[in-house]
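Dear colleague,

I am handing over the structure below, together with notes on what was found in it. Please read the notes with the coordinates open beside them.

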Amino acid sequence: MTPARIVIVGSGFAGVECARTLERTLRPGEAEVTLVAPDDAALYLPLLPQVAAGVLTARAVSVSLRRVLRRTEIAPGMVVGVEPDARRCVVRRLRSGLEYALDYDHLVLTPGSITRVMDVPGLREYGFGMKTLAEAVYLRDHVLRQLDLAAVADTEAERRERSTFVAIGAGYAGTETAAVLNRLTKAAARQYFPRLDPTTVRWHLITHGDHIMPELGKRLGADAKRRLARREIDFRPGASAAEVTERSVTLTTGAVIPTRTVLWSAGVAPSPLAAHLGAETARGRVVAAADLTVPGLAGVWACGDAAAVPDLSTGGDAVCAPTAQHASRQGRRLARNLTATLRGAARTPYRHRDLGMVVDLGGRDALARPLGIGLRGVPAQFVTRAYHLLALRTVVARTRTVFDWTLHALAGDDFLRIGYTDRIAHTIGDFEQTGHYLSPPEVAAALARAAHPADGRRTQ
């Protein structure tokens, strides 16, 4: 029997967990699995703020796919378009621009999410994101560069602009990043910039809601607010950015904050690929059935941030939130359902039990809600770091992470800028490569151009 051709789009939590589970459940020769990803690494997103703060190195949060996946073929590139009727997709190599056709019997859509960039004047040009490893490294370099320049500024106005930092969005990413970078900038000003008063280094955390990280609940959210206030982080609820310029941000309340750094983390949006398939979507996410198939598209499956999966635990019209916890579990369930389909067995709908969430605010400040139990301080930090270590999928990644944590605790930060990002474009769209996706007519044209061998494998 000819092996089934399974193509997985994306190397995020859902895609990697799907591939790992397929390797465990599929018999040899039952299927050929190809995972298409821009890089040969799986990025552990929850620890990106610690990379930006210099607590962890970039390699600690970037897990080699070839260590995790032994029987899956890794195809470098991005799936930029799909022709569901022909069961073919277009893969583009990002550096060379080479495009080729890839046939599938089953297509697993796990392209993940991107930063949700609102239509705010100047945001695309001057805002910073926190969604990729390059963005985290670039943001660290940028923040330290601002302190360098603030220390030698000719005017008080310039010094204030360069030593003021604004984070828009008080969710998980925005709050953690503001918290750990606040510690970094305060410490750097004290130790390395004698001309820069640490009290002039200010961080502002802006959100259109009333609470910090509402997922924590009111009590832990209030605790997070108090901890940030002790660090002199200015929390401004009920506001967002109305305009961003090179030297300031204007809030929707009319307030103007002089700054050279605006971190935008006000939510995520599904990958643009989700809107290019012809499938039904809900707020940009592909509507998936409870068994993670995509209704109306034969052989297409979807899960993770780009899929609207029914939340059977909540009931009604609720769909699962775009979180790493859901993505990992959905990836595993999808793989088991796909294996069952290949063998003619019944599929099982996706259900979940909320395990809670963990938040690392740097130092001994952490908050956790495992299984609904609220923890603070050192106990929460222990649970938080244990959770992250378990979620990292290789012994090598765990070892690097523990080593970095230990070294940073003992030796502190060198406040070192890498510098290789100084001359590259820093816009959110550039880092997250959102301009590559094709419309349906462009997909048809690309498939017509792409060489397609008789055996159905790709041409490179």
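A residue is called buried here when its relative accessible area is under 20%, exposed when it is over 50%, and partly exposed in between, with a 1.4 Å probe and protein chains only. The model is a predicted one, in which local features need pLDDT of at least 70 and side-chain atom pairs count only at pLDDT 80 or more, while totals for chains, interfaces and linings use all residues. Residues are numbered from 1 along each chain as its sequence is written, and side-chain values use heavy atoms, with hydrogens and water left out.

Annotation and domains

The UniProt record, an unreviewed entry, carries the annotation "domain: FAD/NAD(P)-binding" over residues 5-331; UniProt positions are given in the numbering used here, feature names are shortened, and such annotations may be inferred rather than shown by experiment. Helices (H or I, at least four residues) and strands (E, at least two) are DSSP runs, numbered from the N terminus, and by that assignment the span 5-331 is 29% helix and 27% strand, with its end C-alpha atoms 17 Å apart.

The domain assignment, whose bounds come from an automatic or database source, gives domain 1 as 4-38 + 77-115 + 269-354 + 437-451 and domain 2 as 123-266 + 356-422. The C-alpha centres of domain 1 and domain 2 lie 33 Å apart. Taking contact to mean heavy atoms within 4.5 Å, ten residues of domain 1 are in contact with six residues of domain 2. Between them the two domains bury about 710 Å², of which 39% is on carbon and sulfur atoms; in domain 1, T115, Q325 and D354 lose the most area to domain 2, together accounting for 53% of what that side buries. Buried area is the accessible area (1.4 Å probe) that two parts lose on being put together, summed over both.

Helices and the residues around them

A151, in helix α5 (residues 133-151), is buried at a relative accessible area of 8%. Apart from residues up to four places away in sequence, A151 touches F193, R195 and L196, while the C-alpha atoms of A151 and G331, 180 residues apart along the chain, are separated by 49 Å.

Loops

T259 lies in the loop between β17 (256-258) and β18 (261-264) and counts as buried, at 1% relative accessibility. Beyond its neighbours within four places in sequence, the contacts of T259 include E161, T164, F165 and V166, as well as E246, R247, S248 and V249.

D311, in the loop between β23 (307-308) and α9 (324-342), is also a buried residue, at 9% relative accessibility. Leaving out residues up to four places away in sequence, D311 touches A318, V319, C320 and H352, and its C-alpha atom is 32 Å from that of L102, 209 residues away in sequence.

Most residues other than glycine have a negative phi. R283, in the loop between β20 (281-282) and β21 (285-287), has a positive phi near 55° and is exposed, with a relative accessible area of 84%. L292, in the loop between β21 and β22 (300-302), has a positive phi near 75° but is buried, with a relative accessible area of 0%.

Cysteines

With a disulfide defined as a pair of cysteine sulfur atoms within 2.5 Å, the count comes to zero disulfides. C303 is in none, the nearest cysteine sulfur, that of C18, being 6.3 Å away, and C303 is buried at 1% relative accessibility. The sulfur of C320 is too far for a bond, because the closest cysteine sulfur, in C303, is 10 Å away; C320 is buried as well, at 1% relative accessibility.

With best regards
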